[in-house]
Amino acid sequence: MTMETPTQNNIAVIGAGVAGLAIACRLAAKGAKVTVFEKNGTPGGKISQIWDKGYRFDTGPSLFTLPELVTEIAPLDYSRLENSCRYFFADGTVFNFYNNLQKLEQECREKGIAEFGNIAKRLSESEQLYNLTANLFIFNSFHRLSNFVKEENRKIPLQLHKLDFFRTMHSANKKSFNDSRITQVFDRYATYNGSSPYKAPATLNMISHLEHNLGAYFPDKGMYSIVTTLYNKAVQLGVEFRFNTKVSCLEFDSKGKAAKGVKVNDQVLEFGQIVCDCDVKHLSQNMMPKGFKYPLKRRLETAEHSSSALIFYWGIKGEFPQLDVHNIFFSANYKNEFDHLFHKLSICQDPTTYLFISKKVVPGDAPEGCENWFVMVNAPANTGQDWKEILAKTRSAVISKISKALAIDDKPFDLESLIETEHIASPVTIEMNTLSSRGSLYGTSSNSMTSAFMRHPNKLKRFKNVWFTGGSVHPGGGIPLCLASASIVEKEMDIQNQKK
Ligand SMILES: Cc1cc2nc3c(=O)[nH]c(=O)nc-3n(C[C@H](O)[C@H](O)[C@H](O)COP(=O)(O)OP(=O)(O)OC[C@H]3O[C@@H](n4cnc5c(N)ncnc54)[C@H](O)[C@@H]3O)c2cc1C
């Protein structure tokens, strides 16, 4: 990027989430003077960690795909997981979703799941879908018309029928698989961006390509090392970090078009350009000058939030060889679960439970003979529910579900007695810690075609020098998409500066 004036070269980034760190590195590498404002005392936002009594917990994301989006900024050691997830179905079947197709075929045969052919067909279709759309929908600004007429994107309108916009993920999956257990496995990909398979467009079935064909990975030192890697690189590139510093407001010129800077501790600090990595709904409601009408206010206010989560971080005195890094204990009635999440705004009695154990691949993450359990159920966004009551009910449901699934000879074990340390996260704490609207994990849900593909843009015409990155804007939530949004913003800033 050729920065034109010294002022333009002076850039503020609001938020040290993964996208904020990535854009700070990208701009500093091009010679910009970058200052990152972060309200917390440490970088990472939703990617955070807790240490307690020798246990280390990654508190947020645990599934890592498209690692090259990190390593194109800074080197990171990571390994590919052989088994992307171990599924415990309600009927007692345990199924390993191996990445290697030969192993997967054998697993299907051994578990009496006559679906290998359909799974392989689906993974190949997902790959085609991804290859057809990723360049336009993920790695470029979807809102810039010129992107549609680029040579590589011209074929998309001719192949619209292949994009599967008009069915839901579940109806496509139900048609593709005869075994309802495999339908449930593929329906689950809707939760990777906090949505419901019964509402989200089938185009999102491409997510399985990321996890299976391109691969599920894990950083050798845990998920938080993604943050330390990007943070250290930013520091090395001369980025200034101002921690424990909340930006209260963006300041504009009298026409309300060009931002002059940010307000911090009642003081206006001037910057030539501003990149917002904070939740855009929070920004529109709380960080605009008094009386300022945010351009997409109504759209943001009516958009449905993505799901949030209840998470129990348990230091467990014991080792469970029957568990892998990623484990899912499915509910018997998936539809009921999503009706609770998105209609009743509550958690059903028998929620699908995700159990992640980083100790399986990072031995130092728990004391010897112990495991660090991250136990999560999907939760609705916070609308003032009685979380104390929901937490208590969910905790006992989850303990009973895992105890039954891991019982040997039908004898459930006393899981409660093995819990040595406990920390809890809820939509309320997630909102408090990251200022993510209502504690949603991925900004707005992708429960309709428009919400999935018409997210808040990375740049609004109204603002001359304000940019948007991170999980609440295009292309979406999740580490890879947040990193893609940082790369889009870098490209778009380049285009604008060259035009001048
Ligand atoms: C429990 C959980 C599980 C998840 N699982 C996965 C997963 O397995 N795989 C995956 O890829 N993704 C997952 N995600 C989603 C992923 O973590 C997020 O999409 C991503 O980390 C969001 O990054 P971001 O750059 O948008 O910023 P955020 O992480 O949202 O950070 C924004 C930062 O901005 C700061 N901030 C906000 N407002 C201000 C202000 N006014 N002034 C100063 N600072 C401010 C906040 O303090 C915060 O640090 C999960 C998230 C959670 C919470």
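Biologist: Which elements do the buried residues of α6 pack against?
Modeller: Helices (H or I, at least four residues) and strands (E, at least two) are DSSP runs, numbered from the N terminus. Contact is counted when C-beta atoms, placed from the backbone, lie within 7 Å. On that basis, the buried residues of α6 pack against β6 (83–88), β7, α4 (116–138), α5 (169–176), α7 (207–214) and α11 (334–344).

Biologist: Before we go on, what kind of model is this, and from which number do its residues count?
Modeller: This is a predicted model, where local features need pLDDT of at least 70, side-chain atom pairs count only at pLDDT 80 or more, and totals for chains, interfaces and linings use all residues. Along each chain, as its sequence is written, residues are numbered from 1.

Biologist: Back to α6: how many of its eight residues are buried?
Modeller: A residue is buried with 20 or more other C-beta atoms within 10 Å of its own, exposed with 12 or fewer, and partly exposed in between, with C-beta atoms placed from the backbone. In α6, Ile182, Thr183, Gln184, Val185, Phe186 and Asp187 are buried. Helix α6 (residues 180–187) is thus mostly covered, and its buried count is six.

Biologist: Now the ligand: which residues come nearest?
Modeller: A residue is near a molecule if its C-beta atom, placed from the backbone, lies within 6 Å of it. The largest share of the shell, three residues, comes from α1. Of the 37 residues around the ligand, the nearest are Gly15, Gly17, Gly45, Pro61 and Gly470.

Biologist: I keep looking at the backbone of Asp266. Is Asp266 buried or exposed?
Modeller: Asp266 sits in the loop between β11 (259–264) and β12 (267–270). Its phi is near 65 degrees, a positive value in a residue other than glycine. Counting the other C-beta atoms within 10 Å of Asp266 gives 7, so Asp266 is exposed.

Biologist: Then what is the phi of Arg438 near?
Modeller: Arg438 belongs to the loop between α13 and α14 (449–453). With 19 other C-beta atoms within 10 Å, Arg438 is partly exposed. Its phi is positive, in a residue other than glycine, and near 55 degrees.

Biologist: One last stop: what is omega near in the peptide bond from His474 to Pro475?
Modeller: You will find Pro475 in the loop between β19 (466–468) and α15. The bond from His474 to Pro475 is cis, and its omega is near 0 degrees.

Key: Two residues are in contact if their C-beta atoms, placed from the backbone, lie within 7 Å.
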